Amino acid sequence: MKKIALSRTAALCCGVSMLAVPQLAFAQTADEEDNTRGQIVVTATRDARDLQQVPMTVDVATGEDIEKLKIFDVKDISQLAPGLELTNNGGRNNTTSLRGQSFDPDQGTAPAVQVYYNEIPADAQTVYTAIYDIAQVEVLRGPQGQLRGQTAPAGAILIGTRRPDFGEVDGYIQGSLTDRHGYNLQGAVSMPMGDMFAVRVAGLVDGNRINHVRNITRGGEYSRGRTESGRVTLGFQPDDSFTAYLTYQYTNARNNQFTQVVGTGNNPQTIYAEVFGTPSFFVPPAFGGGPFAVDTTVQSGPPLTAGDYSAVTDGVYQVNNKTHLWNLAFDWDLDFATLSFVGAHQRSRIITNRDEDLGNALVGIIDNSFVDVTYPVDTQELRLTSNNTEGFGWGLGIFHSNQKGRALNNIDSDLFVYNTDPNGFVLAPFGPGGSFITFPNRAPLAVEVVVPIRVETTSFNVNARYVSGPLRIEGGIRYSLVRKTQQTQLALDGLLTGVVPAREVIPANLQDTHLNLWSGGASISYDVNPDMTVYAAYGNSFRVPSTGVSLPVGITDDLVRTTTERTNSFEVGVKGKALDGRLNYGFSAFYQKFNGYLSRFDLIFWNTDPALNGSGSGFLSFNYNGDADIKGIETQLNGRITDNWDFNFSASYTKGRYSNAALPCNDFDGSGVPNQNGTPVVQGYDATANAPNVSYCISNGRLSEVPDFSMSMNTEVRFPMGDYTPFVSALLTHRPGFFSEQKNFDYDGRQLLNMFAGVRGPDDKWEVSVFARNLFNQQKITNISLGTGQYPSLLAAVGGGVYDSGYRTVNVMNPREFGVTAAYRF
């Protein structure tokens with residue numbers, strides 16, 4: 001068995017798993033095989049040790065695995081780790097689910113699954129954008145509150161890039177093309193520079209149709225994305241006791257990703273102009289003159305199914321992400337201990353230009369939202385860890401992160417305000433080239449929202465361990481100080497500029513968060529024999545409260561500000577190897593309890609009384625807390641059946657459910673369960689109290705839109721022929737169907753099969769292969785909105801009604817795609 005040599009510096013890309021694909025676990029040379037078969041060295045606990053001695057479940061894909069399995073998108077890593085779901089629901093926000101817990105970046109909260117890039121906490125929006133020249137990607141399961149700077153209740157994903165080699169020149173170049181207009185070209189070269197320095201340069205150009213959705217309203221235009229990225233890493237090693245790396249990466253990603261919809265579309269309906277008196281965006285009083293029709297024949301589009309891969313928006317959904325990332329890391333062996341530092345500066349600018357009317361309920365009208373987010377993040381962590389491996393060991397650390405910036409949201413649509421007289425205005429839709437009537441004195445109604453970003457976290461951690469023969473006892477605590485300010489300044493442009501003054505939306509008592517919180521964990525493990533280890537572990541974590549931005553005036557505080565989420569987790573497991581190292585196995589069971597699980601509830605109908613300084617009504621997304629419990633089991637089995645046949649099997653069963661939680665919902669028919677049957681209404685609304693502002697449903701349903709069970713299998717069979725090795729490999733994932741209470745939808749089960757076949761040259765220096773993704777060409781829905789896209793009219797009581805698109809937004813498995821790849825390594 002080939003021993004994977006990982007120095008303390010390798011902690012910067014931590015963790016190797018029993019779930020690793022077979023090429024990692026069983027790639028060895030003949031002279032190593034007898035002495036090291038079955039051994040995998042890992043750093044999941046921030047020190048190098050045999051995986052069997054790590055008291056947690058860790059999954060990994062090495063850089064070689066990523067290249068061999070043609071993984072050009074981080075989301076495809078989930079195919080190697082059951083229970084992990086990485087999805088993109090709208091071109092910008094990457095949603096991560098693990099152990100039944102889900103996180104949407106639009107929540108504005110700390111993530112349930114924290115992403116680390118070269119051991120520095122990083123924004124998934126940026127890190128997931130470009131994947132190339134990767135050393136390994138690791139998935140750590142369970143609460144993270146002890147060993148790393150940011151706490152997370154579900155786990156962590158660690159992405160480590162390759163470092164320069166101080167001894168020799170090496171590198172690779174790889175190119176891929178697909179039959180669906182996809183291409184990926186990447187490469188890297190590493191060169192020593194004298195005795196102490198080395199440099200590695202890597203680059204990527206990638207283009208694809210993202211979700212393969214075609215916009216039938218815009219003449220058949222396809223989703224399209226292109227990413228360019230470059231990275232330079234300088235290594236410095238004056239002697240064996242000190243190693244440092246300085247990395248700079250630039251990424252420019254431009255995506256135009258249309259949102260797919262399914263449904264019947266709507267029947268021809270009347271679009272009304274809405275007339276109201278004294279001009280106020282927030283307080284439209286009695287209508288002056290009533291509604292009048294401006295178009296009576298509009299229809300959102302034809303009936304569409306999942307297999308149509310179609311969108312219907314009048315506008316675009318463009319996202320441009322430009323990121324600069326600097327990273328400095330060093331390890332200094334002081335003999336009795338090792339001093340380690342890692343620091344980073346990230347500066348990102350993400351510009352989103354989006355038509356919010358995803359179902360095209362208002363045909364010919366672009367309800368445009370322009371979001372410009374700029375934020376720099378500075379992060380530093382310093383650790384001192386004892387070097388002894390027996391007896392009592394210790395570690396100390398300090399972590400600091402400071403994020404600043406600004407989010408600007410301009411809502412500037414084809415809705416116009418028409419000045420009828422000094423005391424009256426008409427709010428009417430006008431579409432370019434459409435059949436809507438026009439007015440001589442129209443002006444755009446635009447809303448500008450400015451959200452300053454200020455988050456600072458400082459934490460101190462202490463950990464200790466005791467090792468005596470087969471017994472290991474470990475534990476630690478972390479003390480975190482979180483300082484966060486959340487504000488939202490809102491102003492009107494266009495005709496109403498100056499009429500309604502700019503103002504702060506969030507109440508002053510809800511703007512500042514000052515928290516001092518403890519987290520940590522402990523474990524005990526015992527080697528029953530050299531080939532079997534049992535363990536038990538406890539973890540504690542938290543997420544700080546979130547404060548909503550751009551929320552309507554007059555809603556209750558619970559919809560503006562959440563409470564702190566706390567969680568405790570208990571896990572037991574067994575790990576081992578058999579058959580002289582040809583077989584690795586693992587089994588774990590866990591239970592996790594949440595006090596105030598924090599989640600996001602999208603497109604909830606709200607209502608406030610304008611007469612009581614409210615904003616009217618509409619659909620928005622809210623963060624909210626609810627108690628919950630999670631229990632599950634995970635199992636892994638991988639091995640080498642013959643010298644040229646590897647296999648891997650892993651499965652996860654996780655049951656994550658709310659516990660009698662009262663959660664925001666759409667309950668239009670009063671049944672007490674989420675639905676959009678009928679006219680939008682808030683159940684139990686009391687006009688005197690102007691509350692509640694949303695409906696609430698009692699839920700014992702699942703925490704995220706993922707099935708309880710998931711399974712992954714992969715295998716490779718090689719046929720050596722002298723210096724050349726033809727091969728066939730396959731990767732299969734299975735997700736059973738399930739019913740979602742939150743979305744009121746019955747998901748179908750789905751199976752994703754990717755196949756690969758090719759030939760490798762002498763010493764694997766080159767490879768040519770063909771591949772097929774989604775060989776079965778399944779077209780199953782993986783995520784769906786609760787109901788159809790709707791726009792409530794201010795005139796519902798006098799004939800305006802609700803503008804209903806007849807479409808639900810969805811994510812669907814990408815269609816079957818064939819491709820070819822050629823790679824050369826040196």
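# Close-up views of a predicted model

Strand 45 and strand 48 (residues 807-812) run antiparallel and are joined by 3 bridges. Strands here are DSSP runs of E with at least two residues, and helices are runs of H or I with at least four, both numbered from the N terminus. Two strands count as a pair if DSSP finds at least two bridges between them.

**Strand 43 pairs with strand 40 and with strand 44.** Strand 40 (residues 725-735) and strand 43 (residues 750-760) run antiparallel, joined by 11 bridges. To follow this pairing, find Ala730, whose bridge partner in strand 43 is Met755. Strand 43 also runs antiparallel to strand 44 (residues 766-773), with 6 bridges between them. Here Gly758 has Ser769 of strand 44 as its bridge partner. The hairpin of strand 43 and strand 44 has 5 residues between the strands, and in this hairpin Asp763 takes a positive phi near 55°.

**Strand 3 is a mostly covered strand.** How many of its residues are buried? In strand 3 (residues 58-62), 5 of the 5 residues are buried. Buried means under 20% relative accessible area, exposed means over 50%, and partly exposed lies in between (1.4 Å probe, protein chains only). In a regular strand the side chains alternate between the two faces of the sheet. In this view, Val58, Val60 and Thr62 point one way from strand 3, while Asp59 and Ala61 point the other way. Strand 3 pairs with strand 9 in the antiparallel sense over 5 bridges, and Asp59 stands opposite Val139 of strand 9.

**Tyr128 sits in the largest nonpolar core.** This core has 31 residues, and Ile66, Ile77, Tyr128 and Ile157 are those with the most contacts inside it. A nonpolar core is a set of buried Ala, Val, Leu, Ile, Met, Phe, Trp, Tyr and Cys residues joined through side-chain atoms within 4.5 Å. Elements that give two or more residues to the core include strand 4 (84-88), helix 4 (124-127) and strand 10 (155-161). Leaving aside residues up to four places away in sequence, Tyr128 touches Val74, Leu86, Asn94, Thr96, Val115 and Ile157; a contact means heavy atoms within 4.5 Å. Another core, of 21 residues, lies apart from the largest one, and Leu510, Phe590, Ala661 and Leu663 are among its members.

**Asn321 is a buried residue with a polar contact.** Asn321 belongs to strand 22 (residues 317-333), and its relative accessible area is 5%. Its side chain makes a polar contact of 2.8 Å with the side chain of Thr323. A polar contact is a pair of N or O atoms within 3.5 Å; within protein, one must be able to donate a hydrogen and the other to accept it, and residues adjacent in sequence count only if both atoms are side-chain atoms. Beyond residues up to four places away in sequence, Asn321 touches several others, including Gln125, Thr251, Arg349 and Ile350.

**Gln790 is linked to Asp804 by a polar contact.** Is Gln790 buried or exposed? Gln790 is buried, at a relative accessible area of 11%, and lies in strand 46 (residues 790-792). The side chains of Gln790 and Asp804 are joined by a polar contact of 3.4 Å. Among the other residues that Gln790 touches are Phe619, Phe668, Pro680 and Tyr803.

**Stepping back, the chain has 5 helices and 49 strands.** Of its 826 residues, 59% count as buried.

Notes: Residues are numbered from 1 along each chain as its sequence is written. This is a predicted model: local features need pLDDT of at least 70, side-chain atom pairs count only at pLDDT 80 or more; totals for chains, interfaces and linings use all residues. Side-chain values use heavy atoms; hydrogens and water are left out.
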